[in-house]
Amino acid sequence: MLYTLTLYLHILSAIIATGPLFGIFPLLNRMEKAPDDQLQSYVIAIQGVLRAVANGGHVLVPTGLLLIWFGGWSFSSFWILATIVIMLCSLLFMARAFKPSMAFAQSDEFTKIRFIKMVKTATYQYILLMGILLWLMVDKPMLW
């Protein structure tokens, strides 16, 4: 029962840590057409999406560790080591990709087109990283 509950929380947090990223694209499309006086509300909405993604990760990691422990997996398994490495990279990536774009949104050099490009690129890259993590967790490839 505890394993099933932990698995459910892990899957739910994976959805929360990934799903909202897809909501950024419609926001950016609307932002492209929005008048300048509305741009700040779009930036705030994007910040909210990124906060939801980060908070999903706060549950994802501990439940994942519990599932490894409950499942009897070795931390030296390829898929677990690869997941940990990519997860650490994704944390660094999120800080280096999204924080500068959010800081750029508050700067005097802000331009709508450049901001949209920065956020779109970072979002595609982060979705790719999350996709790789999801594949590792679901497929559990064993290379050794």
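Modeller: Axes here are lines fitted to C-alpha atoms, for helices over the stretch in contact, and angles run from 0 to 180 degrees between N-to-C directions. Helices are DSSP runs (H or I, at least four residues), numbered from the N terminus. The model is predicted: local features need pLDDT of at least 70, side-chain atom pairs count only at pLDDT 80 or more, and totals for chains, interfaces and linings use all residues. Residues are numbered from 1 along each chain as its sequence is written, and side-chain values use heavy atoms, with hydrogens and water left out.

The axes of helix α3 (residues 39-71) and helix α4 (residues 78-105) come within 12 Å and cross at roughly 165 degrees. Helix α3 is therefore roughly antiparallel to α4, a term for angles over 145 degrees. From α3, the residues in contact (heavy atoms within 4.5 Å) include Val43, Ile46, Leu50 and Val53, and from α4 they include Met87, Met94, Phe98 and Met102. By class, 13 residues of this contact are nonpolar, two are polar and none is charged; Ala, Val, Leu, Ile, Met, Phe, Trp, Tyr, Cys and Pro count as nonpolar, Asp, Glu, Lys and Arg as charged, and the others, Gly among them, as polar.

Leucine 50 touches Leu21, Ile24, Met94, Phe98 and Met102, leaving aside residues up to four places away in sequence. In the largest nonpolar core, which has 41 residues, Leu50 is among those that touch the most other members, together with Leu21, Met31, Ile46, Phe115 and Tyr126. Such a core is a set of buried Ala, Val, Leu, Ile, Met, Phe, Trp, Tyr and Cys residues joined through side-chain atoms within 4.5 Å. At least two residues of this core come from each of α1 (2-18), α2 (24-33), α3, α4 and α5 (112-139); α4 gives the largest share, twelve residues.

A second pairing involves α2 and α5, whose axes come within 10 Å and cross at roughly 170 degrees. These two helices are therefore roughly antiparallel. Their contact comprises nine nonpolar, two polar and four charged residues.

Alanine 122 lies in helix α5 and is buried, with a relative accessible area of 2%, where buried means under 20% (1.4 Å probe, protein chains only). Alanine 122 touches Phe93, Ala97 and Phe98, again not counting residues up to four places away in sequence. The C-alpha atoms of alanine 122 and phenylalanine 93 are separated by 8.6 Å, although these residues are 29 apart along the chain.

Note on methods:
Parallel < 35°, antiparallel > 145°, perpendicular 65-115°, else oblique. Buried < 20%, exposed > 50% of the residue type's maximum accessible area, 1.4 Å probe, protein only.
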